[in-house]
Amino acid sequence: MERGSPGLRRLFREVAKFGAVGGAGVLVNLGVFNLVRQVTDLQVVRASVIATIVAIVFNYVGFRYFAYRDRDKSGRTREMSLFLLFSAIGLVIENGVLYTATYGFGWDSSLQSNIFKFVGIGVATLFRFWSYRTWVFRALPARAPVAGSPPATEGRRPKQRVP
C-alpha cells in the first residue's frame, strides 16, 4: 500500500532540506550574534544585523547546492537578486522583532536578546520559505512524456502487467 501522494512526499523532502539548511543557518546566526556581542561594543540590533547577513550568505550556498540543487539554474542573476530582496525583507522581520523587544519593551538582557532573536528568526523563516520556493528557487516545469512511453514514476518501479 502506498503512503501519501507524490506531491506531499516531495513537499516533505523540501521542508526537511530547507529545515536542515535553515537549522544550520540558525546556529551560524546565533553564534555570530553572540560572538559579535562579546567582542564588540555594538548595540544589540546592529550585532544582530551583522549575524543575519553572515547567515544569509551561508544559507544561499546551502539552499542553492543542497536544498534546491534540482531547481532551475538558469538566470542566476535573477535568482540572486530575488534571494537578496527576500532575504532583506526577512532581515527586517527578524530584527524588527528584536528591535521591538529591546527598545519597545526594554527586554535587553543577554537571555532576552537571544530569545527574541530566535523568535524573529522563526517568524522570518516562514516568510523566507514561502518566498524562496515560490519566487527564487523555482521548480523546473514537468517534462512531457515522450510519445508512446509510460509516465514517469518518480523513483518507483512501474507496476508489472500480468497477462
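Biologist: Which residues have the most contacts inside the largest nonpolar core?

Modeller: A nonpolar core is a set of buried Ala, Val, Leu, Ile, Met, Phe, Trp, Tyr and Cys residues joined through side-chain atoms within 4.5 Å. Buried means under 20% relative accessible area, exposed over 50%, and partly exposed in between, with a 1.4 Å probe and protein chains only. Here the largest nonpolar core has 15 residues, and those with the most contacts inside it are Phe18, Phe63, Tyr68, Phe83, Tyr132, Val136 and Phe137. At least two residues of this core come from each of α1 (6-39), α2 (44-67), α3 (76-104) and α4 (110-136). Apart from it lies another core, of 8 residues, among them Val32, Val45, Ala47 and Ala51.

Biologist: What kind of model is this, and how are its residues numbered?

Modeller: It is a predicted model, in which local features need pLDDT of at least 70 and side-chain atom pairs count only at pLDDT 80 or more, while totals for chains, interfaces and linings use all residues. Residues are numbered from 1 along each chain as its sequence is written, and side-chain values use heavy atoms, with hydrogens and water left out.

Biologist: How many helices and strands are there?

Modeller: Helices (H or I, at least four residues) and strands (E, at least two) are DSSP runs, numbered from the N terminus. This protein has 4 helices and 0 strands, in the pattern α-α-α-α along the sequence.

Biologist: Which residues does Tyr68 touch?

Modeller: Contact means heavy atoms within 4.5 Å. Leaving out residues up to four places away in sequence, Tyr68 touches Glu14, Phe18, Phe63, Phe129, Arg133 and Phe137. Over the protein, 75% of the contacts between residues at least 6 apart in sequence join residues at least 24 apart.

Biologist: Where is Ala47, and is it buried or exposed?

Modeller: Ala47 is in helix α2. It counts as buried because its relative accessible area is 0%. Not counting residues up to four places away in sequence, Ala47 touches Phe33, Val36, Arg37 and Leu42.

Biologist: Which residues of α4 are buried?

Modeller: An α-helix has 3.6 residues a turn, so residues three or four places apart point the same way. In α4 the buried residues are Ser113, Asn114, Lys117, Gly120, Ile121, Ala124, Arg128, Phe129, Ser131, Tyr132 and Val136. Their cover includes α1, α2 and α3.

Biologist: Where do Arg71 and Asp72 lie?

Modeller: Arg71 is in the loop between α2 and α3, and Asp72 is in the loop between α2 and α3. Arg71 is buried, with a relative accessible area of 12%, whereas Asp72 counts as partly exposed at 21% relative accessibility. Arg71 and Arg138 are 67 residues apart in sequence, with 6.0 Å between their C-alpha atoms. For Asp72 and Ala139, 67 residues apart along the chain, the C-alpha separation is 6.2 Å.

Biologist: Which residues are closest to the centre of the second largest pocket?

Modeller: On a 1 Å grid over the protein atoms alone, a pocket is an open set of points where a 1.4 Å probe fits, with protein on both sides within 12 Å along at least five of seven lines; lining residues have an atom within 4 Å of a point. Of the 21 residues lining the second largest pocket, Gly22, Asn59, Ile121, Thr125 and Arg128 are the closest to its centre. The largest share of that lining, 7 residues, comes from α1.
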